[in-house]
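User: Good morning. I would like to go through this structure with you, one topic at a time.

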Amino acid sequence: MRGNARAWAAAAVLLAVLPWIPGLQSDSARSLLTQMGIAGVFALSYNLLLGQTGLLSFGHAVYFGLGGYASIHFLRAINHGLPIPTPFVPVAGALAGLAFGIVFGALTTRRGGTVFALITLGLGEWVHASSLMLPSFFGGEEGVTASRTRAPHFLGLDFGSQLQVYYVTAFWLLVSAALMYAFMRTPVGRLANAVRDNPERVEFIGYNPQRIRFIMFSVSAAFAGLAGGLHAINYEIVAAEALSATRSGAVLLMVYIGGVHHFIGAILGAVAITWLQVSLSDYTTAWLLYLGLLFMGIVAFVPGGLAGLAMMHLSVLRTQAMAAIARSYLVALPFFVIASLGAVTLIEIAYRRATQPEAGALMRLFWIPMDTAKPWPWLGAAVLAVVGAAALTRAWPRVAAAWAQAGEELHGQRA
Amino acid sequence: LKEIVAFSLLNGAVYGLLLFMLSSGLTLIFSLMGVLNFAHASVFMLGAYFSWQISRWVGFWPALVLAPLACGFIGAGIERWGLRRVHARGHVAEILYTFGLAYVIGELVIMAWGRNPIENHVPAAIDFAAFRLFGTSYPFYKVLMMGISVAMFAFLYLAFKRTRLGLVIQAALTHPQMVSALGHDVPRLFVLVFAIGSALAGLAGVIGGFALLTEPNMAANLGPIVFVVVVVGGLGSIPGAFLASMLIGLLQTFAVALDYSWLDLFRVMNIHVAPDSIWREVWAVKLSQAAPILPYVLLVLMLIVRPRGFLGTRET
């Protein structure tokens with residue numbers, strides 16, 4: 001318990017000093033941090049479903065978006081004289097998320113598994129399409145706007161600067177993370193884990209899995225709504241995009257890539273994917289393709305996600321096999337880099353030709369100018385990709401052997 | 001009015017049959033492997049793009065055969081080198097894998113053919129009037145679409161009920177271990193079924209491509225509706241998928257033609273809605289505007305009233 005308290009205190013300190021670290025002091029960097037925080041709350045709420053209860057939802061953005069709309073209307077009411085300071089707006093989002101979570105959850109959580117996934121997908125499409133039909137509440141494609149500064153000051157803050165918005169987000173991130181962490185340690189949270197692992201057995205010992213799914217779903221929707229409220233404060237606008245299938249898909253990718261088996265996984269995923277969305281999209285228009293490939297790779301090869309990968313390495317850090325693992329990585333890494341370089345070059349050239357034909361055939365990639373009208377760049381990249389991949393498959397047994405050795409060693413210690 | 005009803009019936013049937021072509025492949029794959037293939041609509045989109053590309057090279061009729069064939073091979077590849085690896089981790093991992101694949105195929109399509117819709121017009125070979133109805137001519141390609149879908153339904157039905165392979169596949173649905181013990185290669189059956197399902201999606205793409213807009217978003221637009229069809233018809237039931245496809249096709253087509261809202265109904269029933277009521281906007285939505293959400297309304301109603309769908313046999 002003391003270790004836990006220390007970890008939470010460290011997290012709080014980290015969140016407090018983060019915007020002052022050199023390189024993160026600009027408004028754009030702080031805006032990125034804010035977006036990561038919002039995504040973090042949203043991803044943690046999604047992990048309550050997927051990671052903790054085993055419910056795969058394709059429509060979680062519904063609660064994010066409806067929470068966002070509730071918050072932006074609440075903020076408008078504040079603009080018109082309601083005497084409540086801006087930082088409390090996400091509470092309105094959380095309440096809206098909870099309310100819709102209860103209503104829709106009663107419908108969707110009657111089933112688990114595949115049917116649940118499909119109903120959430122259908123419900124998500126329904127809500128998104130309906131939102132475009134009712135412009136006076138949802139504002140159509142343009143969305144609804146409000147001002148976060150035209151509100152009573154709070155502790156002398158007016159929330160005009162990105163830094164202040166960041167601190168509001170960081171505060172709510174910490175609070176909701178702590179609440180969700182604590183919630184998973186209540187009997188309901190434990191039962192949710194049991195429902196994920198073996199619903200028949202839960203039913204056998206006298207609990208109703210459907211009811212537990214419903215409770216988890218409502219709580220998760222409430223936190224998603226809170227994230228939507230933070231979104232409303234940060235952008236001062238909420239549009240139909242906030243409840244779209246794209247956003248539902250994005251949160252699924254975040255949580256799965258981050259790792260569903262660890263609490264920290266959702267945060268890792270939120271940070272990584274938000275960073276990819278914001279910075280990678282500056283460099284390449286093909287970033288969604290890379291994201292999709294990364295996701296497929298994680299599903300196929302690394303079911304634990306980034307967090308699982310990190311934990312795996314932490315556990316072998318003290319073993320003697322660590323040296324062998326590190327050496328095998330050193331052998332495999334150059335081939336991996338070569339293969340990726342070739343593949344990325346191919347993708348970039350093809351993308352450029354298809355989506356920006358007006359930009360011409362000459363382009364510069366990795367500081368190398370090339371003429372994509374000639375076959376040489378294509379051929380060179382293809383050779384790099386194929387040779388690199390072939391060498392990587394040859395080098396891989398060495399990595400696998402090193403890991404097997406580590407596994408043996410750990411097993412021996414335990415026995 | 002007769003004219004509207006007749007044309008809505010025809011167009012609804014065309015749309016419904018198109019949905020059926022998509023959902024039958026999905027149902028086939030689901031019932032054999034328990035996998036909900038999120039990339040199914042993406043394969044459909046590939047079919048549309050392939051047919052356009054092949055038509056430009058060798059003409060429409062060869063494309064009608066070659067594009068589905070290509071999609072079938074892609075489907076086989078997805079199963080053999082992708083899903084089989086994920087299979088051991090359970091259904092959630094499989095769904096997620098195909099979900100990621102849908103992203104990747106969408107981006108690859110952009111990479112190959114660009115972001116804008118391609119000009120996938122009806123080929124000249126089939127672009128003529130089939131017959132005249134109420135003074136308006138009805139295009140031949142829609143008749144062809146209907147013909148192909150009906151032929152496909154008949155083919156699937158006969159292939160499953162009457163051929164040896166169909167019987168083996170049917171047996172593998174329920175008793176994979178037994179079928180395997182009798183000496184049939186069940187994993188190979190999986191590849192085969194995945195290939196057939198994908199080829200059907202590709203075929204739907206060829207003839208659906210010029211009826212809909214061929215663009216990188218077409219998979220994302222049609223995919224959810226196909227899932228609705230599969231659930232409403234009953235997971236795993238091909239006749240159910242047929243019923244649900246026709247129902248949704250007709251429902252959406254008729255809704256587009258009807259310009260009524262709740263307010264009109266209230267007026268007939270003498271219920272007065274205050275002009276400043278906040279619900280007024282909800283009641284004022286016209287049925288024609290609401291057409292896109294009707295399948296989802298149907299889905300939710302179905303799950304409340306009859307969770308297994310029209311002809312489904314199991315509840316999961």
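**A conversation about chains A and B**

Analyst: With a relative accessibility of 55%, A:G81 counts as exposed. Please keep in mind that this is a predicted model.

User: Where does A:G81 lie?

Analyst: A:G81 is in the loop of chain A between α3 (61-79) and α4 (89-108). Its C-alpha atom is 22 Å from that of A:F138, and the two residues are 57 apart in sequence.

User: Is A:E236 buried, exposed or partly exposed?

Analyst: A:E236 is partly exposed, since its relative accessible area is 22%, and buried would require under 20%. A:E236 belongs to the loop between α10 (209-235) and β2 (237-238) of chain A.

User: What about phi of A:E236?

Analyst: Phi of A:E236 is near 60 degrees, which is a positive value in a residue other than glycine.

User: Let us stay with α10(A). At roughly what angle do α7(A) and α10(A) cross?

Analyst: Helix α7 (residues 162-183) of chain A crosses α10(A) at roughly 175 degrees, and their axes come within 10 Å. The two helices, α7(A) and α10(A), are therefore roughly antiparallel to each other, as angles over 145 degrees count as such.

User: Which residues meet there, in α7(A) and α10(A)?

Analyst: From α7(A), the residues include A:V165, A:W172, A:L179 and A:F183, and from α10(A) they include A:I215, A:F223, A:L230 and A:N234. By class, the contact of α7(A) with α10(A) has 13 nonpolar residues, 4 polar and no charged ones.

User: Now chain B. How many helices and strands does chain B have?

Analyst: The secondary structure of chain B comes to 14 helices and 2 strands. Chain B has 316 residues, of which 55% count as buried.

User: And what is the accessible surface of chain B?

Analyst: The accessible surface of chain B comes to about 14500 Å², and 67% of that belongs to carbon and sulfur atoms.

User: What share of the contacts in chain B join residues at least 24 apart?

Analyst: Among contacts in chain B between residues at least 6 apart in sequence, the share is 76%.

User: A single residue next, please. Is B:Y296 buried or exposed?

Analyst: B:Y296 counts as buried because its relative accessibility is 4%, where the cut-off is under 20%. B:Y296 is part of helix α14 (residues 294-305) of chain B.

User: Which residues is B:Y296 in contact with, leaving aside neighbours within four places in sequence?

Analyst: B:Y296 is in contact with A:G122, A:E125 and A:W126 in chain A, and with B:P224, B:I225 and B:V228 in chain B. The C-alpha atom of B:I110, 186 residues away from B:Y296 along the chain, is separated from that of B:Y296 by 28 Å.

User: How do α9(B) and α14(B) pack, then, and at what angle?

Analyst: Helix α9 (residues 218-233) of chain B packs against α14(B) at an angle of about 30 degrees, with the axes 10 Å apart. That makes α9(B) roughly parallel to α14(B), because angles under 35 degrees count as roughly parallel. The crossing of α9(B) and α14(B) is left-handed.

User: Which residues meet between α9(B) and α14(B)?

Analyst: In α9(B), B:P224, B:I225, B:V228, B:V231 and B:V232 meet B:P295, B:Y296, B:L298, B:L299, B:M302 and B:L303 of α14(B). By class, this contact of α9(B) with α14(B) has 11 nonpolar residues, no polar and no charged ones.

User: At what angle do α6(B) and α8(B) pack?

Analyst: Helix α6 (residues 164-174) and helix α8 (residues 186-209) of chain B pack at an angle of about 110 degrees, and their axes are 11 Å apart. That makes α6(B) roughly perpendicular to α8(B).

User: Which residues are involved in α6(B) and α8(B)?

Analyst: B:L165, B:V168, B:I169 and B:A172 of α6(B) meet B:L189, B:L192 and B:V193 of α8(B). The residues of this contact of α6(B) with α8(B) divide into 7 nonpolar, no polar and no charged.

Terms used
Residues are numbered from 1 along each chain as its sequence is written. Chains are lettered from A and ligands numbered from 1 in the order in which they are written. This is a predicted model: local features need pLDDT of at least 70, side-chain atom pairs count only at pLDDT 80 or more; totals for chains, interfaces and linings use all residues. Side-chain values use heavy atoms; hydrogens and water are left out. Helices (H or I, at least four residues) and strands (E, at least two) are DSSP runs, numbered from the N terminus. Buried means under 20% relative accessible area, exposed over 50%, partly exposed in between (1.4 Å probe, protein chains only). Contact means heavy atoms within 4.5 Å. Accessible areas come from the Shrake-Rupley method with a 1.4 Å probe; for residues, only the protein chains shown count as cover. Axes are lines fitted to C-alpha atoms, for helices over the stretch in contact, and angles run from 0 to 180 degrees between N-to-C directions. Angles under 35 degrees count as roughly parallel, over 145 as roughly antiparallel, 65 to 115 as roughly perpendicular and the rest as oblique. Ala, Val, Leu, Ile, Met, Phe, Trp, Tyr, Cys and Pro count as nonpolar, Asp, Glu, Lys and Arg as charged, and the others, Gly among them, as polar. A crossing is left-handed if the near helix is turned anticlockwise from the far one by less than a right angle, and right-handed if clockwise.
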